[in-house]
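This briefing is intended to be read alongside the sequence and the three-dimensional structure. Please keep both in view while working through the points.

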Amino acid sequence: MSDEQELYARARKRVEELKGFYSHFMVYVLVNAGLVGLNLLTSPQYLWFVWPMLGWGIGLVAHGFSVFGAGRFFGADWEERKTREYMEQERRRQGPPAS
């Protein structure tokens, strides 16, 4: 794979990650808005909508971290760097190739 193709593949993967997060966020907002409305119409004395919102919100935050934040630390780029680092360490440990 050429450098240009590799760059394109990485950029395309990143775009897909962003698209996935934004889709997840929009579904979260729409579904939870519906749950709030349903809760307030059927049983306004007990606000149960906070529980699914909270549970799903934890998942959404985790997804956000994987796309934008701390999750990038252990993402594919990190894995690639660490793999190359360990390969280089192994090469140094084995010494120069025999002629």
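Predicted model: local features only at pLDDT ≥ 70, side-chain atom pairs only at ≥ 80, totals over all residues.

Residues are numbered from 1 along each chain as its sequence is written, and side-chain values use heavy atoms, with hydrogens and water left out. The chain contains three helices and zero strands, in the order α-α-α from the N terminus. Helices (H or I, at least four residues) and strands (E, at least two) are DSSP runs, numbered from the N terminus.

**Overall architecture**

- Of the 99 residues in the chain, 11% are buried; buried means under 20% relative accessible area, exposed means over 50%, and partly exposed lies in between (1.4 Å probe, protein chains only).
- Among contacts (heavy atoms within 4.5 Å) in the chain between residues at least 6 apart in sequence, 63% join residues at least 24 apart.
- The chain exposes about 7,800 Å², and carbon and sulfur atoms supply 67% of this area; accessible areas come from the Shrake-Rupley method with a 1.4 Å probe, and for residues only the protein chains shown count as cover.

**Helix α1**

- Helix α1 covers residues 3-42.
- With 40 residues, α1 reaches 58 Å from its first C-alpha to its last, close to the 58 Å expected at 1.5 Å a residue; the expected span is 1.5 Å times one less than the number of residues.
- Phe21, Tyr28, Asn32 and Asn39 are the buried residues of α1, and their cover includes α2.

**Aromatic residues**

- The whole structure holds five aromatic pairs; rings of Phe, Tyr and Trp (its six-membered ring) pair if their centres lie within 6.5 Å, and planes under 30 degrees apart count as stacked, over 60 as edge-to-face and the rest as tilted.
- One of these pairs joins phenylalanine 21 and phenylalanine 25, which are stacked at 6.5 Å centre to centre with 20 degrees between the planes.
- Phenylalanine 21 and phenylalanine 25 are separated by about one helical turn because they are four residues apart in helix α1.
- An α-helix has 3.6 residues a turn, so residues three or four places apart point the same way.
- Phenylalanine 21 is buried, at 12% relative accessible area, whereas phenylalanine 25 is partly exposed, at 36%.
- Phe21, Tyr22, Phe25 and Phe68 form one aromatic cluster.

**Phenylalanine 68**

- Phenylalanine 68 belongs to helix α2 and is partly exposed, with a relative accessible area of 43%.
- Leaving aside residues up to four places away in sequence, phenylalanine 68 touches Arg14, Leu18, Phe21 and Tyr22.
- Phenylalanine 68 and leucine 18 are 50 residues apart along the chain, and their C-alpha atoms are separated by 8.6 Å.

**Salt bridges**

- There are eight salt bridges in the structure, each a side-chain nitrogen of Lys or Arg within 4 Å of a carboxyl oxygen of Asp or Glu.
- Arginine 12 and glutamate 16 form a salt bridge (3.4 Å, N to O); both residues lie in helix α1, four residues apart, about one turn of the helix.
- Glutamate 16 is partly exposed, at 36% relative accessible area, and arginine 12 is partly exposed, at 41%.
- Arginine 14 and glutamate 17 form a salt bridge in which the closest N and O atoms are 3.4 Å apart; these residues lie three residues apart in helix α1, about one turn.
- Arginine 14 is partly exposed, at 26% relative accessible area, as is glutamate 17, at 22%.
- In helix α3 (residues 76-94), arginine 92 and glutamate 88 lie four residues apart, about one turn, and form a salt bridge with the closest N and O atoms 3.9 Å apart.
- Arginine 92 is exposed, at 56% relative accessibility, while glutamate 88 is partly exposed, at 34%.
- Salt bridges with shared partners join Arg12, Glu16 and Lys19 into one network.

**Nonpolar surface patch**

- Leu40, Tyr46, Leu47, Val50, Trp51, Leu54 and Ile58 make a nonpolar surface patch of about 710 Å².
- Patches are made of residues with over 30% relative accessible area and no salt bridge; like charges are joined within 9 Å, and nonpolar side chains (Val, Leu, Ile, Met, Phe, Trp, Tyr) within 5 Å.
- Helix α2 (residues 50-68) supplies the largest share of the patch, four residues.
- Leucine 40 lies in helix α1 and is partly exposed, with a relative accessible area of 44%.
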